[in-house]
Amino acid sequence: MEDKINPPMPYSEILPAYGHGWIRDLFRDANKLQANAEYESVKRGMREASMYHLNPQDYDRQIDQIMRDGLAFQSIRRVKAGGGFSHTHQDGADLGPDTLVYGVLARDLDVAAAIVKASQPDTSGDADNVSIGELLGYPECCRKAFAEFWKTTYDPVFEIAKNTPGCKTDGNTITIEHGDPRLYVHFRYFGVRIIPWFPCSFNCEASVELAEKWSALMYDIDPETTEALLGILPMESKWDLLNSQIVVNHPYFMGRATSYYTSENKIVVFK
Amino acid sequence: MIVTLEEISEDPREAIILHGGEVLSLPIKDLEFFLKAVHTLRGETHIQTSLSVLSSEHIRLFRKYNTNIGISVDGPPDLNALRGPRDPARNAEYQKNLIANMKRLQDEKIPFGTITILSKVNATGENLDRLIEWAQVHANRGRFNPMFVPSWHPTLSQYQLSPSELKTAWIRLAEATLENPGFECLPVREWVDNLIGCGPLACCIVARCDYLTTMCKTIMPDGSLARCDRCFEQGFYLRAERATQARADVLKQTECAGCRYFDICGGGCPGEGEGGDPRRKTVFCEAYYGLYEFLETRIKGLMPNIQMALDVPDYYDDFYMKGQRINFVGKMQNGTWRSPPPPDQLQQQDKSQNQKGGCGCGR
């Protein structure tokens, strides 16, 4: 991991461009849609399992639904709730309004148990990310790449860009001209993404193939929000990291989020 | 706009100022509408104006609505040349009107303060001496802010002081201030208070202003609440819903690591971030440091055993937030706005939002 300083409190926020206040509503809807799609992907058999959070304000309804849908849940650990987006989970202590239960939603209890087991830190302190990725149905190339990215960063936007065939590099700026916007993960700080995994590159063929299914699933759940997302993702945007803070510039909003520390700018331009 | 104004006004720490554009260019009926609205809420009003126009009707409104006037002026006419029309003849007329209007306010015994922008035009060499002399005669209550040029602007940067020049200008102003108890020169007076812990931290530029929410709030024509207009250069006006202290938290460990004055500076105004990047410390770091160092030396020269805010770890975040102070010697001339809020209010407030002060804007 790259942090050589105490990281700032996790934070993510957007500023809509003037006249585009609607973007806040879209992002809220997108956040819900993403969570629904993760759940539905398991329920509909698109994959075997998904990571899942039991919410203290809603856990009765969530458990009812899981039981009704014939699915299984296994907890991994208690984590702190609130504060919006966070790259990694912070341990929660006692159950209560400030604690979520982080775990696995699965079609089969054995799969859930396997993911729980793979999530336990090994001697180096890391989970078995390759096995987890496989059980979650992510492409093989992306699982392998993620395991490499994770050795140095928990926020691999720059690394994915660097790994993208055809990217243009100028110093610390990488330009992506032929990426598939459905693979973009630099709006995820604000609740916006199509695929729930980190692709190995922004035009990874295996990810594009799966992204097709994910966007179809999202469209089936909420066509209006999905169309809006597929409208804003391809627009030119810039991801810019410095001093543990990311700035994402888009014609409709400016987003800010916390990330790992780097003293030199790292920039990815999505054309 | 009025609904938003009323919401803001619920927080007694928020000063409400009719800014511009040029507020006195409003039709009298409209100006009175806004002054009346603010006066109803606060019993007083504040405006910031170039004072290029002034009528008997304006004076009547100032008296009726107990108006505190801030004039945007950078010194005597030749030092104020960056303000007003570009055409020399029209600029001369503008300067003449301004001087006449300031005199008229004085004759009418209507007090005013000034905001002066320090630039290469008025704050270097002999011009700096003339500015300081003029300020003590014409604007005994004044704020002296560095000219701030948006990073994208192609030509204006030629007028912006270097950090070293700003340091010299601020120290010269501080010398004049320390010799003249009646000269309420800001940020000098505020920074003395910051050093001795008579807070709250002022002004906004040293109070860890968050770039996405900003301490200064701007009410837009449609009533929406925007950020400080220093941020408008990026083309994003609206405010974020939550504040963050990420910038200060990181700067404290990196660009500002080990700085003696970090707790009472916070890396400065994010709008002045190096390279136009609000994540970085202010481009005027040398001047901020220089003024604090000068003032600390003078204070300790006078009172070698004084305990200062810097001597108490996390003074403003912990000690002051509990309603405690280490020194009770500091009191501004106009009193109440420098007093800490009552402890029960302090505990309810977000730390960053508790550190309020005057305006560091570039007006």
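Residues are numbered from 1 along each chain as its sequence is written, and chains are lettered from A in the order in which they are written. In this predicted model, local features need pLDDT of at least 70, side-chain atom pairs count only at pLDDT 80 or more, and totals for chains, interfaces and linings use all residues, while side-chain values use heavy atoms, with hydrogens and water left out.

**Stop 1: chain B as a whole**

Select chain B. Chain B has twelve helices and seven strands. Here helices (H or I, at least four residues) and strands (E, at least two) are DSSP runs, numbered from the N terminus. Of the 363 residues in chain B, 53% are buried. Buried means under 20% relative accessible area, exposed means over 50%, and partly exposed is in between (1.4 Å probe, protein chains only). A contact is a case of heavy atoms within 4.5 Å. Among the contacts in chain B with a separation of 6 or more, 67% are between residues 24 or more positions apart.

**Stop 2: helix 7 of chain B**

Select residues 188–196 of chain B. Nine of the nine residues of this helix are buried, so helix 7 is largely enclosed by the rest of the structure. Among the buried residues are B:Arg189, B:Glu190, B:Trp191 and B:Asp193. Just after helix 7, B:Gly197 takes a positive phi of about 80°.

**Stop 3: B:Glu32**

Go to helix 2 (residues 28–42) of chain B, where B:Glu32 lies. B:Glu32 counts as buried, at 19% relative accessibility. Its side chain makes a polar contact with the side chain of B:Lys64, at 3.1 Å. A polar contact is a pair of N or O atoms within 3.5 Å; within protein, one must be able to donate a hydrogen and the other to accept it, and residues adjacent in sequence count only if both atoms are side-chain atoms. Leaving aside neighbours within four places in sequence, B:Glu32 is in contact with B:Arg60, B:Leu61, B:Lys64 and B:Tyr65.

**Stop 4: the cysteines of chain B**

Select B:Cys209 and B:Cys204. The closest cysteine sulfur to that of B:Cys209 is in B:Cys204, 6.2 Å away, too far for a bond. A disulfide is a pair of cysteine sulfur atoms within 2.5 Å. B:Cys269 is in no disulfide either, and its nearest cysteine sulfur, that of B:Cys228, is 6.5 Å away. Both B:Cys209, at 14% relative accessibility, and B:Cys269, at 9%, count as buried. Over all chains, the structure holds zero disulfides.

**Stop 5: helix 4 of chain B**

Select B:Lys103 and B:Asp107, which lie four residues apart in helix 4 (residues 88–107), about one turn of the helix. Their side chains meet in a salt bridge (3.0 Å, N to O). A salt bridge is a side-chain nitrogen of Lys or Arg within 4 Å of a carboxyl oxygen of Asp or Glu. B:Lys103 is partly exposed, at 48% relative accessible area, whereas B:Asp107 is exposed, at 51%.

**Stop 6: where the chains meet**

Show both chains. The contact takes 29 residues from chain B and 31 residues from chain A. The area buried between them is about 2500 Å², with 58% from carbon and sulfur atoms. Buried area is the accessible area (1.4 Å probe) that two parts lose on being put together, summed over both. In chain B, B:Phe236, B:Arg242 and B:Arg279 lose the most area to chain A, together 32% of what that side buries.

There are four salt bridges between chain B and chain A. To see one of them, select B:Glu241 and A:Arg28, whose side chains meet at 2.8 Å, N to O.

**Stop 7: helix 1 of chain A**

Being three residues apart in helix 1 of chain A, A:Asp25 and A:Arg28 are separated by about one helical turn. Both are partly exposed: A:Asp25 at 45% relative accessibility and A:Arg28 at 42%.

Not counting residues up to four places away in sequence, A:Ile23 touches A:Ile14, A:Pro16, A:Ile232, A:Tyr252 and A:Phe253.
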